[in-house]
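Me: I would like to learn how to read helix packing and aromatic pairs in a model. Please take me through an example.

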Amino acid sequence: MNLAPEEQGRADFYALLARLFYAPPDEALLAALGSADQLPAEDDALAARWKELSSAAAKADPQAVREEYETAFVGTGRAPITLYTTAYSMRYSNEVPLAELRGELAQLGLARRSEVGEPEDHIAALCETMRHLVAEQQRDLTEQRRVFERWIGPVAEPLCTAIEKSEHTAFYKLVGRLAKSFFSLEQSAFEML
């Protein structure tokens, strides 16, 4: 079944964010982003963030972006910014959100691939999960909303703000701003259901 253009656009955004958060963009991705058309979005903030990221990608040095990613998100010892969302959502030490997330993914027929080393609460994995729900499984919007509001919505603001305010980010500040605008738009759309 073909996806409606707006659903394909959502899936593509989730895929891009998953890719950018999973690993630093290579030269080909930076070139593609740098030469991308302006976003024909009804949301001015999202269109502006897209334009900022595209302009930065056109001028970006892949090695510098790689070093930024590794310094900000990988680090030696504890990274300055974590991309593991449970770090932003746990309120009590007896919570086990990763086990809960794994259970929910299993109910959706999803699981971490054995060759993937990152836990399921990595923001890249959650974006890929949403992409899968939108584009592959074509789940009902109510079900997409439930997953988004439980696993991405509560952590989007603190995660993106941490990226934006970090002294270790430059290119990724723009990725964080784009993600924040997209997640905000998703939240608003889900609230209208």
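Reply: We take a helix face, a helix contact and the aromatic pairs in turn. This is a predicted model, where local features need pLDDT of at least 70, side-chain atom pairs count only at pLDDT 80 or more, and totals for chains, interfaces and linings use all residues. Residues are numbered from 1 along each chain as its sequence is written, and side-chain values use heavy atoms, with hydrogens and water left out.

Me: Which residues of helix α2 are buried?

Reply: Buried means under 20% relative accessible area and exposed over 50%, with partly exposed in between (1.4 Å probe, protein chains only). Helices are DSSP runs (H or I, at least four residues), numbered from the N terminus. In α2 (residues 27-34), L29, L30 and L33 are buried. They fall within an arc of 100° seen down the axis, so they line one face of the helix; the arc is that of the directions from the helix axis to the C-beta atoms. Exposed E27 and A28 sit on the face turned away.

Me: At what angle do α4 and α10 pack?

Reply: Two packed helices are described by the angle between their axes and the distance between the axes. Here the angle is about 70° and the axes are 9 Å apart, which makes α4 roughly perpendicular to α10 (65 to 115 degrees).

Me: How many aromatic pairs are there?

Reply: Rings of Phe, Tyr and Trp (its six-membered ring) pair if their centres lie within 6.5 Å; planes under 30 degrees apart count as stacked, over 60 as edge-to-face and the rest as tilted. The whole structure has 10 pairs. One of them, F148 with F183, is tilted, at 6.2 Å centre to centre and 55° between the planes. Both residues are buried.

Conventions
Helix = DSSP H or I, 4+ residues; strand = E, 2+ residues; numbered from the N terminus. Axes fitted to C-alpha atoms, helices over the stretch in contact; angles between N-to-C directions. Parallel < 35°, antiparallel > 145°, perpendicular 65-115°, else oblique.
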